[in-house]
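Biologist: I would like to learn how to read a model from its secondary structure through to the surroundings of its ligand. Could you take me through it one feature at a time?

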Amino acid sequence: MCSDVGRLDREGSRRKQCESLSQIRTMTIIEQAVDVLQKAKKVVFFTGAGISAESGIPTYREKLSGIWAGYDPRDLETAKAFRENPPLIWGWYLWRRLRVAQAEPNAAHLAIPHMANSLRHVSVITQNIDDLHERAGSLNVVHLHGSLAMPKCFACHRPAAVPPDQSAVPVEGALVEPPRCQRCNGKMRPAVVWYGEDLPTQAWKAAVRLVKDCDLLISVGTSGIVMPAAGLPDLALASGASVIHVNKSDVAMGEDREFMLMGAAAEILPMLLERIEAGKTRGA
Ligand code: NAD
């Protein structure tokens with residue numbers, strides 16, 4: 001028993017040593033990331049579903065409920081699914097619009113526009129279809145995967161607003177017949193990029209231009225799986241920029257000039273902002 005206690009003590013102190021060593025390593029990475037951010041003149045934020053998670057908008061890995069329970073979201077985000085069952089897909093997107101309308105930008109969205117100043121230009125490229133960056137004060141946000149804001153015609157692609165009588169679907173969702181296009185009578189669909197569809201050309205060109213021209217790309221809350229957007233951090237590295245990842249999981253590729261900050265975006269981005277602000281005060 002005594003030896004067990006002794007072993008436990010030794011294991012406990014080894015664990016403490018490891019924890020403090022890992023804290024030192026974490027501190028060092030944070031300090032390095034702050035230093036890179038402080039020096040950067042052109043910063044690009046590249047965001048994914050994780051940045052909106054703390055605003056209550058589920059990431060793509062979460063299970064669906066209501067009439068969509070049993071569906072994989074990937075099976076709902078296709079033109080084929082819309083052709084087969086337009087009310088199911090249109091109802092799902094109305095529900096997602098409602099979730100976004102009820103959500104508020106969180107501390108991560110809010111920190112981003114505050115990182116810009118007269119010496120540092122900040123841009124935002126997002127894969128998200130919500131408008132939380134805009135509502136947090138970011139300007140000229142590049143939406144690579146479209147937006148929930150304005151639907152378009154499935155046939156002729158003409159944009160049109162959601163009719164007011166459809167703007168409040170029940171929280172658990174409903175099968176809702178999509179409205180018709182005023183011009184060609186085609187069915188309206190969300191103006192988002194579905195699997196198998198091309199990214200909007202203008203948005204993609206703007207994103208590539210910003211990334212090739214930046215000193216620092218900060219990738220926030222994206223699993224980095226869905227191409228071509230997922231290739232942007234690589235493009236930044238290849239163009240000579242540094243990359244900071246902010247994510248609850250380790251998504252770094254192990255390259256030089258890459259910094260992995262593990263944790264919730266709503267904690268890490270305000271912390272980075274506070275540190276660069278503190279550095280500015282000290283430097284003044
Ligand atoms: P994702 O759901 O694939 O990944 C979310 C990432 O955010 C994960 O890496 C997770 O670790 C991280 N994360 C979760 N909470 C976080 C928090 N609070 N703080 C920081 N990080 C957090 O989303 P994505 O990377 O944005 O996906 C990219 C695009 O791919 C999407 O825009 C979408 O178009 C498409 N996609 C669709 C589906 C689908 O099933 N329909 C699935 C995956 C991706």
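The dialogue below goes through the sheet, the nonpolar cores and the ligand shell in turn.

Biologist: Where do we begin, and how many helices and strands are there in the chain?

Modeller: This is a predicted model, and its chain holds 10 helices and 8 strands. Of the 284 residues, 33% count as buried, while residues 24 or more positions apart account for 71% of the contacts in the chain with a separation of 6 or more.

Biologist: In what order do the strands of the open sheet stand, and is the pairing parallel or antiparallel?

Modeller: The general idea is that strands of a sheet pair through backbone hydrogen bonds, either parallel or antiparallel. Here 6 strands form an open sheet in the order β3-β2-β1-β6-β7-β8, and the pairing is parallel. The edges are taken by β3 (142–143) and β8 (258–262), each of which has a single partner strand, so one side of each is left without a neighbour in the sheet.

Biologist: Which residues let me follow the pairing from β2 through β1 to β6?

Modeller: Start with β1 and strand β2 (residues 121–126), which pair in the parallel sense over 6 bridges; there, lysine 42 stands opposite histidine 121 in β2. On the β6 side, 5 bridges join β1 to β6, again in parallel, and valine 44 has leucine 217 as its bridge partner in β6.

Biologist: And which residue in β7 is the bridge partner of leucine 217?

Modeller: That partner is valine 243, and strand β6 (residues 216–220) is joined to β7 by 5 bridges, the two running parallel. Valine 243 in turn has glutamate 258 in β8 as a bridge partner, where β7 and β8 run parallel and are joined by 5 bridges.

Biologist: How many residues of β1 and of β7 are buried?

Modeller: In strand β1 (residues 42–47), 5 of the 6 residues are buried, so β1 is largely enclosed by the rest of the structure. For β7, 6 of its 6 residues are buried, and both faces are covered, with Ser242, Ile244 and Val246 on one side and Val243, His245 and Asn247 on the other.

Biologist: Which residues have the most contacts inside the largest nonpolar core?

Modeller: As a general rule, nonpolar side chains in soluble globular proteins tend to be buried together. The largest nonpolar core in this model has 42 residues, and those with the most contacts inside it are Val43, Val44, Phe45, Ile125, Cys214, Leu216 and Leu217. Helix α10 (residues 265–283) supplies the largest share of this core, 5 residues. A second, separate core has 11 residues, including Ile57, Trp90, Tyr93 and Val100. To return to cysteine 214, leaving aside residues up to four places away in sequence, this residue touches Lys42, Val43, Val44, Ala236 and Ala241.

Biologist: Finally, which residues are closest to the ligand, and which element gives the most to its shell?

Modeller: The ligand is surrounded by 25 residues, of which the closest are Gly48, Gly50, Tyr60, Gln127 and Thr222. Two or more residues of the shell come from each of α2 (49–53), α3 (73–76) and β7 (242–247), and α2 gives the most, with 3 residues.

Biologist: From which domains does the shell draw at least three residues each?

Modeller: They are domain 1 (40–57 + 105–148 + 199–284) and domain 2 (58–102 + 157–189), each of which gives at least three residues to the shell around the ligand.

Note on methods:
Residues are numbered from 1 along each chain as its sequence is written. This is a predicted model: local features need pLDDT of at least 70, side-chain atom pairs count only at pLDDT 80 or more; totals for chains, interfaces and linings use all residues. A residue is near a molecule or strand if its C-beta atom, placed from the backbone, lies within 6 Å of it. Helices (H or I, at least four residues) and strands (E, at least two) are DSSP runs, numbered from the N terminus. Domain bounds come from an automatic or database domain assignment. Two strands pair if DSSP finds at least two bridges between them. A nonpolar core is a set of buried Ala, Val, Leu, Ile, Met, Phe, Trp, Tyr and Cys residues joined through C-beta atoms within 7 Å. A residue is buried if 20 or more other C-beta atoms lie within 10 Å of its own, exposed if 12 or fewer, and partly exposed in between; C-beta atoms are placed from the backbone. Two residues are in contact if their C-beta atoms, placed from the backbone, lie within 7 Å.
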